[in-house]
Amino acid sequence: MYFNSIKPLDLVNSLNKNGIAVLKNYLSNETIETIKKKIPKLLNKSNLIKTASDIKEIKKNNFKNSNFYWLPKKFNKIFNGNQYKQPTGEITTKVSNSIMKKGYKFYSKYANSVEFKDPLVNVPEIQKIVFNEKLIKVAKKFLKTDPYLGYVAVRCHFKNNLPNIDFNLFHTDGRNKKTKDENKLIKLLAPFHLEKKQKIEFSIINVKRNKIKSEDYYKYQYSKASELPKYLKKKIIKPKVYKKDILFFDPDNFLHNAKKPKKLRIMLYIIFVKKNNYMIPKTKKIKIKKKYFRLFSPRQKKFAKYLCRI
């Protein structure tokens with residue numbers, strides 16, 4: 001599960017078995033400190049941030065806006081609607097511009113997390129991670145075909161008193177029991193907020209979804225650890241990911257979550273996909289400056305094929 005060098009086959013074997021593979025000491029201190037200093041300043045520029053979901057507002061409504069349209073009909077009956085079991089991005093109630101303009105220390109009382117617009121443009125320091133050819137080779141080995149950048153995000157999670165939601169609950173990114181082969185993907189996480197002895201707040205359940213009963217698979221989407229049955233609780237892994245480490249994981253086949261942070265959490269998310277993945281239309285909206293694209297190797301250019309060059 002833990003690796004000191006990038007050996008694609010070993011990492012992929014760990015991903016298939018455990019759902020996760022951790023690369024130790026991958027990030028440089030220089031990169032971490034540069035991004036850590038930059039992000040709080042950018043958080044106060046509301047024009048650079050995607051409209052945040054208003055968790056405080058839906059809390060007032062006792063999560064009555066929750067719905068389960070993505071579930072097979074026969075499983076709808078297992079939910080009682082007392083918890084919002086949807087991705088944050090699907091919340092239609094958004095934080096107002098007037099609140100966002102007051103800065104992140106204020107709007108963090110309304111939202112659990114925010115995501116930056118155009119991360120490859122606004123945080124260009126992440127490019128050496130996103131387009132690292134060795135990491136691309138790992139994705140190629142896992143996907144068994146040339147990978148493409150499907151999505152990239154710099155997202156910040158806040159310490160607050162709002163309810164656990166989305167990332168904080170155990171879920172799979174693919175919410176159906178089976179995923180079409182062309183939609184298979186792999187995700188990479190890089191934390192920039194950790195200090196020396198701090199461990200990432202991420203957990204994963206070491207039970208592949210095809211080993212989970214269908215009813216349990218749907219019932220425990222977006223659930224707290226305390227709500228899980230014993231056989232799943234026993235398989236929870238809290239990987240030892242510290243400062244400078246990054247991790248690959250399989251978000252579709254393994255239930256995972258990230259508990260609320262105790263301070264500002266800064267994360268880079270990279271999603272590697274196949275050519276015909278459902279995410280490609282969204283990929284085409286991700287911007288990258290032509291001056292950077294021109295410097296890429298042929299492999300990197302192919303990986304970045306679907307990005308919008310500006």
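Start at Y269: its relative accessibility is 13%, so Y269 counts as buried (under 20% relative accessible area is buried, over 50% exposed, in between partly exposed, with a 1.4 Å probe and protein chains only). The model is predicted, so local features need pLDDT of at least 70 and side-chain atom pairs pLDDT 80 or more, while totals for chains, interfaces and linings use all residues. Residues are numbered from 1 along each chain as its sequence is written, and side-chain values use heavy atoms, without hydrogens and water.

Now look at the aromatic rings. Rings of Phe, Tyr and Trp (its six-membered ring) pair if their centres lie within 6.5 Å; planes under 30 degrees apart are stacked, over 60 edge-to-face, the rest tilted. The count is 12 aromatic pairs. Take F131 and F303: their ring centres are 6.0 Å apart and their planes meet at 80°, so this pair is edge-to-face. The pair links distant parts of the chain, 172 residues apart. F131 sits in the loop between α7 (127–130) and α8 (133–143), F303 in helix α13 (residues 298–303). Helices (H or I, at least four residues) and strands (E, at least two) are DSSP runs, numbered from the N terminus. F131 counts as buried because its relative accessibility is 2%. F303 is buried too, at 1%.

Back to Y269. Y269 forms a tilted pair with F167, 6.5 Å centre to centre, with 40° between the planes. F167 lies in the loop between β4 and β5 and Y269 in strand β10 (residues 265–273), so the pair ties together parts 102 residues apart in sequence.

Ring pairs also build a cluster: F131, F248, F272, F293, F296 and F303.

Last, find K159. K159 is in the loop between β4 (148–157) and β5 (185–191). Its relative accessibility is 59%, so K159 counts as exposed.
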